[in-house]
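Hi,

Here is the structure I promised to pass on.

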Amino acid sequence: MMRPLKPVTPATQVVTVTAETTDGRVTIPLTPNGDALVSSRPLPAGEAYRVVVQVRAAPGDKPKNFRIDLNLATCSGCQHAEYACTCTEH
Ligand SMILES: [Zn+2]
């Protein structure tokens, strides 16, 4: 029997997003919006930087870290931002 996937419950999850920009670390607070978490302020400007997303299933739990290299520059090939680039060559 298939078990339904548990929905993510932002109520207990603790998510911290830290942008490691060339100007230093910027912590971006996330606020629940329905089933999603949205950043309550815009991401820092800049061409490319690393974003560290730290997720705790519940407050006090061992955190899981996800590192994302975010490149906000626009790709000359597809006109998408580099992090959303749809080109196959790169
Ligand atoms: Zn592209």
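**The four-stranded sheet**

Four strands form an open sheet in the order β2-β1-β5-β6, and the pairing is antiparallel. The edge places go to β2 and β6; each has a single partner strand, so one side of each has no neighbour in the sheet. Ignoring direction, neighbouring strands here are turned against each other by 25° on average. For that angle, axes are lines fitted to C-alpha atoms (for helices over the stretch in contact), and angles run from 0 to 180 degrees between N-to-C directions. Strands are DSSP runs of E with at least two residues, helices are runs of H or I with at least four, and both are numbered from the N terminus. Two strands pair if DSSP finds at least two bridges between them.

Before you read on, two notes on the ground rules. This is a predicted model, where local features need pLDDT of at least 70 and side-chain atom pairs count only at pLDDT 80 or more, while totals for chains, interfaces and linings use all residues. Residues are numbered from 1 along each chain as its sequence is written.

**Who pairs with whom**

Seven bridges hold the antiparallel pair of β1 (residues 14–21) and β5 (residues 48–56). Within that pair, T16 stands opposite Q54 in β5, and V17 stands opposite V53 in β5. On to the next pair: β5 and β6 run antiparallel and are joined by eight bridges. There, R50 stands opposite D69 in β6.

β3 also has a partner: with β4 (residues 36–39) it makes an antiparallel pair over four bridges. N33 stands opposite A36 in β4. This hairpin of β3 and β4 has two residues between the strands, and G34 takes a positive phi near 65° in it.

**The chain overall**

How many helices and strands does the protein chain have? Zero helices and six strands, so the run of elements from the N terminus reads β-β-β-β-β-β. The chain has 90 residues, of which 2% count as buried. Buried means that 20 or more other C-beta atoms lie within 10 Å of the residue's own; exposed means 12 or fewer, partly exposed is in between, and C-beta atoms are placed from the backbone.

On contacts (two residues whose C-beta atoms, placed from the backbone, lie within 7 Å): taking those between residues at least 6 apart in sequence, 36% join residues at least 24 apart.

As for confidence, pLDDT is the predictor's own score for each residue, from 0 to 100. The protein chain has a mean pLDDT of 80, and 86% of its residues reach 70 or more. Confidence is highest in β2 (residues 24–28), at a mean of 88, and lowest in β3 (residues 30–33), at 76.

- V26 sits in strand β2. Why does V26 count as partly exposed? Because V26 has 16 C-beta neighbours inside 10 Å. Leaving out residues up to four places away in sequence, V26 touches T18, A19, T21 and P44. V26 and V51 are 25 residues apart along the chain, with their C-alpha atoms separated by 9.4 Å.
- R41 belongs to the loop between β4 and β5. R41 has 9 C-beta neighbours inside 10 Å and therefore counts as exposed. From R41 to L30, eleven residues apart along the chain, the C-alpha atoms are separated by 8.4 Å.
- A58 is in the loop between β5 and β6. A58 is exposed because 10 other C-beta atoms lie within 10 Å. In sequence A58 and V14 are 44 residues apart, but C-alpha to C-alpha they are 6.2 Å apart in space.
- Q79 comes in the segment after β6 (64–71). Is Q79 buried or exposed? Q79 is exposed, with 9 other C-beta atoms within 10 Å. Phi of Q79 is near 65°, a positive value in a residue other than glycine.

Over to you now.

Cheers
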